[in-house]
Amino acid sequence: MPDFDIVGLGEPLIEFNQTRPGQPEFLQGFGGDTSNAIIAAARQGARCAYLTRVGADVFGEQLLQLWRDEQVDTSGVMIDPQAHTGLYFVQHGPEGHVFSYMRHGSAASRMHPEDLRHDMVERAAFLHVSGISMAISGNACDTVFAAIERARASGGQVCLDSNLRLRLWPVDRARAILREAMRMADIFLPSMDDMRHLTGHTDPAATLDWIRDAGASGIVILKMGRDGAVLDDGRNRHLVAGMAVEAVDATGAGDCFAGTLLARRARGDDWAGAVRYANAAAALSTRGYGAVQPLPTPAQVEAFLPGGAGAR
């Protein structure tokens, strides 16, 4: 049995989230897509570890303490005395949330394949990475692909979240690199919004056809926000309905979906049950501010699911 259910690799960030639209009041929290996903998985009882670099600053110390508090193994986290920990601001308005980042030259962007000299990737059932993990720098992208190769060589499964951020890289480069990564992934988690930019399609069926034609051969789950998610196992496609809530902040909903999905798969759920459970968790995560604080516990998700019995 692997030592870890899930190992995540990527860029953690300090978050400042606007609590009242139009007002200069910000709540300090934590973010970073793969870090959010790992914490979501850990709250669901999965055995998790995280791989990254943080700065030798107070924000790096806070992130390390956060992961320890959430029972996430930090043995693979490196402290970089020559770089800062990245951060971002979230502002809310009529068109939704707007992100402003201060991440250029961050410690996480200085990750190198040599940072994987430990065997943490090989000790996990799942490796979780994202488009952001590959977009923050060329050497970080190399690190992601090195981790993917190591996971595949050791029999682990690779989960890739598209998480397209066009501020970080041009669309042509993003399309080329994500196409290569999705070919290597056992699980691909694109969002409909991301794929609209990459493919030009607005129809879920056409989008999934494009993904398959691009070479994705594993499980594909197309995330469509409140409309749910389409599960494509290569033979059949099945819409798993979303769940309605009064949303406050959707900052970490997709990350919550990814982490919870992998936690439920590690627990033994079938794909439909895992997606149903992850949809519920993601919906619950939008009811509070910030990417991490609202991530739900198993009791909260099970109480929210119809019948209150959890995924079967």
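Figure 1. With a relative accessibility of 4%, cysteine 141 counts as buried; here buried means under 20% relative accessible area, exposed means over 50%, and partly exposed lies in between, using a 1.4 Å probe and protein chains only. This view, like those that follow, comes from a predicted model, in which local features need pLDDT of at least 70, side-chain atom pairs count only at pLDDT 80 or more, and totals for chains, interfaces and linings use all residues. Residues are numbered from 1 along each chain as its sequence is written, and side-chain values use heavy atoms, with hydrogens and water left out. Cysteine 141 sits in helix α4, which spans residues 138-153. Helices (H or I, at least four residues) and strands (E, at least two) are DSSP runs, numbered from the N terminus. Neighbours within four places in sequence aside, cysteine 141 is in contact with Ser133, Met134 and Ile177, contact being heavy atoms within 4.5 Å. From cysteine 141 to isoleucine 177 the C-alpha distance is 8.9 Å, for a sequence separation of 36 residues.

**Figure 2. Strand β1 between two parallel partners.** Take a look at β1, residues 4-9: six of its six residues are buried. Strand β9 (residues 124-130) runs parallel to β1 and is joined to it by four bridges; two strands pair if DSSP finds at least two bridges between them. Phenylalanine 4 has alanine 124 of β9 as its bridge partner. Strand β4 (residues 48-55) is also parallel to β1, again with four bridges, and here leucine 9 is partnered by leucine 51.

Figure 3. Strands β2 (residues 13-18) and β7 (residues 87-93) run parallel and share four bridges, with isoleucine 14 standing opposite leucine 87 of β7.

Figure 4. The 12 residues of α2 reach 16 Å from the first C-alpha to the last, close to the 16 Å expected at 1.5 Å a residue; the expected span is 1.5 Å times one less than the number of residues. Which residues of α2 are buried? They are Gly60, Leu63, Leu64, Leu66 and Trp67. These residues lie on the same side of α2, because they cover an arc of only 155° around the axis, the arc being that of the directions from the helix axis to the C-beta atoms. On the other side of α2, you will find Glu61 and Asp69 exposed. The cover over the buried residues of α2 includes β2, β3, α1 (33-43), β4, β5 (72-73) and β6 (77-80). Just after α2, glutamine 71 adopts a positive phi of about 65°.

**Figure 5. Alanine 229 in strand β13.** Alanine 229 belongs to β13, which covers residues 229-232. It counts as buried, at 0% relative accessibility. Not counting residues up to four places away in sequence, alanine 229 touches Ile221, Leu222, Lys223, Met224, His238, Leu239, Val240, Phe257, Val275 and Asn279. Leucine 189 is 40 residues from alanine 229 in sequence, with 9.7 Å between the two C-alpha atoms.

**Figure 6. Serine 285 in helix α9.** Serine 285 is found in α9, residues 271-285. Its relative accessibility is 4%, so serine 285 counts as buried. Leaving aside neighbours within four places in sequence, serine 285 is in contact with Asp249, Gly252, Ala253, Cys256, Pro294, Leu295 and Pro296.

**Figure 7. Glycine 307 in the segment after α10.** Is glycine 307 buried or exposed? With a relative accessible area of 81%, glycine 307 is exposed. It lies in the segment that follows α10 (298-304).
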